[in-house]
Amino acid sequence: MNGVPGVLGVAVLAAIAVILSKYVSLSGTLIAIMLGFALGNIITVPTKLQTGIKWCESQALSIAVALLGVNLNVFTMLEINAMTLLFIISSLALTFSVTFIFAKILNIQPAQACLVASGQGICGSAAVMATQKIIKAPTVEAGLVVAVVNFLGFVGVFLTAWMAPYLFTVNDSGAGLLIGNTLQSMGNVVAAGFSVNDEVGHLAVLVKMCRILLLIPVLLLLILYSKRAGQVNRQAEPVPIHWVKLVPLFIWVFLVLSFMSSMQWIPPVIQTGLSEVSGVLFLLAMVAIGLAIKVKDIYQQGGKLLILGMLVFSFQLLFSVWFLSDG
């Protein structure tokens with residue numbers, strides 16, 4: 001019960017974020033983290049609220065990520081042809097590679113680079129926070145990356161909505177592939193894609209779904225890498241990897257729900273309800289993370305992360321335009 005006041009306080013800010021999102025051209029997620037950030041830098045958060053805030057920052061986030069599985073259909077890729085699948089996978093692989101190269105040049109830690117690559121390459125805030133859970137990066141760093149990724153996604157909606165029809169004047173598929181393969185969140189993709197036309201919007205969403213599905217193998221690879229890296233750092237003898245214990249519970253729930261959703265074993269009303277719960281918990285987590293972000297942290301690292309995000313996003317756009325034009 002000690003955490004109730006903190007959760008209620010976070011919930012109030014999350015509700016304000018939802019209300020504001022109806023009147024301004026910003027997502028509730030971005031407004032939530034902005035509200036938390038603003039309040040956390042204006043006032044000192046009372047100690048009695050810290051327990052609830054920490055719960056929202058960690059446990060609520062884990063549950064939210066797990067429930068994302070109800071929105072995924074593992075059979076979606078069957079509707080994508082081989083060339084398009086190659087385009088999506090190669091783009092993701094190059095995004096991770098280029099992110100680490102730019103991060104090294106900018107002297108940004110590998111953990112932060114991994115968070116940026118996940119957010120830019122897969123599905124925005126959700127991928128950032130799922131990755132943070134695996135690599136155990138500080139939540140403040142993850143919050144900074146979420147802020148950067150959300151900002152770039154907001155800008156990207158307008159940029160790609162203008163670029164796509166201009167570059168692919170007689171090719172709706174090219175426009176849909178560009179938008180679906182570059183924007184950070186599903187909300188960004190829907191906003192940009194359907195602002196062009198319905199055909200572009202539907203294709204962009206399908207491509208985005210495939211990118212989201214790649215979150216599963218990426219997280220599993222990160223789990224394996226983190227486990228082996230931990231053994232090397234401790235200079236311990238190699239031990240057998242037990243996948244059941246190695247994979248966090250929220251990932252197992254994510255996988256199970258994804259499979260059940262794909263098999264249509266989850267009634268629509270329950271699927272909708274779980275999806276809404278996930279969205280609410282994400283808002284709570286974003287507010288809590290925003291409260292933990294301090295101006296001095298952004299001054300020290302946020303600027304570099306923004307530059308990194310802009311470089312990576314620019315690469316994604318250039319690679320996508322080159323691949324689609326060449327194809």
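1. A residue is called buried when its relative accessible area is under 20%, exposed when the value is over 50%, and partly exposed in between, using a 1.4 Å probe and protein chains only. By that rule T131, with 0% relative accessibility, counts as buried. The model is a predicted one, in which local features need pLDDT of at least 70 and side-chain atom pairs count only at pLDDT 80 or more, while totals for chains, interfaces and linings use all residues. Residues are numbered from 1 along each chain as its sequence is written, and side-chain values use heavy atoms, with hydrogens and water left out.

2. On the overall fold: the chain has 14 helices and zero strands. Helices (H or I, at least four residues) and strands (E, at least two) are DSSP runs, numbered from the N terminus. Of the 327 residues in the chain, 47% are buried. Contact here means heavy atoms within 4.5 Å. Among the contacts between residues at least 6 apart in sequence, 78% join residues at least 24 apart.

3. On the largest pocket: what is its volume? The value is about 750 Å³. Of the 34 residues that line this pocket, T29, C123, S185, M186 and G187 are the closest to its centre. Two or more lining residues come from each of α2 (28–42), α5 (110–135), α6 (139–167), α8 (186–196), α9 (198–213) and α13 (268–292). The lining divides into 18 nonpolar residues, 15 polar and one charged. In this division Ala, Val, Leu, Ile, Met, Phe, Trp, Tyr, Cys and Pro count as nonpolar, Asp, Glu, Lys and Arg as charged, and the others, Gly among them, as polar.

4. On a 1 Å grid over the protein atoms alone, a pocket is an open set of points with protein on both sides within 12 Å along at least five of seven lines, whereas a cavity is a set of points where a 1.4 Å probe fits but cannot get out. Lining residues have an atom within 4 Å of a point. Grid points are joined across faces, edges and corners, and a volume is the space filled by probe spheres set on the points.

5. Not counting residues up to four places away in sequence, T131 touches C114, L115, S118, L219 and L222. T131 and L115 are 16 residues apart along the chain, and their C-alpha atoms are separated by 6.4 Å. N188 is placed in helix α8 and counts as buried, at 14% relative accessibility. Leaving aside neighbours within four places in sequence, N188 is in contact with G153, F154, V157 and L183.

6. On F100: this residue is found in helix α4 (residues 82–106). F100 counts as partly exposed because its relative accessibility is 34%. Beyond its neighbours within four places in sequence, F100 is in contact with P110, A113 and C114. F100 and V312 are 212 residues apart in sequence, yet 9.7 Å apart in space, C-alpha to C-alpha.

7. On S320: this residue lies in helix α14 (residues 295–326). Is S320 buried or exposed? S320 counts as buried, because its relative accessibility is 0%. Leaving aside neighbours within four places in sequence, S320 is in contact with F87, L178, N181 and T182.

8. On aromatic rings: rings of Phe, Tyr and Trp (its six-membered ring) pair if their centres lie within 6.5 Å; planes under 30 degrees apart count as stacked, over 60 as edge-to-face and the rest as tilted. The count by this rule is nine aromatic pairs. F315 and F319 form a stacked pair, at 6.1 Å centre to centre with 20° between the planes. Both lie in helix α14, four residues apart, about one turn of the helix. F315 is partly exposed at 22% relative accessible area, whereas F319 counts as buried at 11%. W322 and F323 form an edge-to-face pair, at 6.4 Å centre to centre with 75° between the planes. W322 is exposed at 51%, while F323 counts as buried at 17%. One aromatic cluster is formed by F87, F315, F319, W322 and F323.
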